[in-house]
Amino acid sequence: MGEENNDKPVQTDTESAGAGENGETMDSSVKYYTLEDIQAHNMSNDTWLIIHDKVYDITSFLEEHPGGEEVLLEQAGADASESFEDVGHSMDAREMLQQYYVGELHMDDRKKSTAKDVPVTNSSESSSWTMWLLPAVAAAVVGIVYRYYVFEHKSS
């Protein structure tokens, strides 16, 4: 707010050997931004998000977002990976995200990768069938036990 922002990408030591202009490497055109740089982009006229260590400038998408611009502005200038995954965006939404890509989060600002951060594609499928199978088996057992006792007491 009123401060001048320097959005120059940060260059890592491993990149410096083959680096070109603007922090880009000769091998690829990936730009690295620090968390501090990204946090400055948290206004409705300048909105950046981090999703899975990739940086996106979604300023032009705010008004088009089906969930409303407020949900995006709440995450502006920060890591929105968890919120993005919790909503369950479609493959079309994930592909659309690529047009807003501006770079990567600097290696020093990335979180340590843990087992729960790694997306597992089949976990939702396997957990969904166990969510109904276990109660169904329990209900069947209760029904059989109930029938047994009802018929046992009628016959005596």
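Modeller: Let's start with Phe61, which counts as buried because its relative accessibility is 12%; buried means under 20% relative accessible area, exposed over 50%, and partly exposed in between, using a 1.4 Å probe and protein chains only. Before going on: this is a predicted model, with residues numbered from 1 along each chain as its sequence is written, and side-chain values use heavy atoms, leaving out hydrogens and water. Local features need pLDDT of at least 70 and side-chain atom pairs count only at pLDDT 80 or more, while totals for chains, interfaces and linings use all residues.

Tyr100 is buried too, at 12% relative accessibility. What about ring pairs? The whole structure holds four aromatic pairs, meaning Phe, Tyr or Trp rings (the six-membered one for Trp) with centres within 6.5 Å; planes under 30 degrees apart are stacked, over 60 edge-to-face, the rest tilted. One of them joins Phe61 and Tyr100: with ring centres 5.5 Å apart and planes at 45 degrees, the pair is tilted. It also bridges distant stretches, since Phe61 is in the loop between strand 4 (54-57) and helix 2 (69-75), and Tyr100 is 39 residues away in the loop between helix 4 (91-97) and strand 5 (101-105). Helices here are DSSP runs of H or I with at least four residues, strands are E runs of at least two, and both are numbered from the N terminus.

Tyr148 and Tyr149 also pair up, with centres 5.5 Å apart but planes at 70 degrees, so that one is edge-to-face. Tyr149 is partly exposed at 46% relative accessible area.

Now for Thr47 in strand 3 (residues 46-51), a residue that is buried at 0% relative accessibility. Beyond its neighbours within four places in sequence, Thr47 has contacts (heavy atoms within 4.5 Å) with residues including His41, Tyr56, Leu62 and Leu73. His41 itself lies in the loop between helix 1 (35-39) and strand 2 (42-43) and is buried at 2%.

Zooming out, the chain has five helices and five strands, running β-α-β-β-β-α-α-α-β-α from the N terminus. Of its 156 residues, 22% count as buried. Among contacts with a separation of 6 or more, 62% are between residues 24 or more positions apart.
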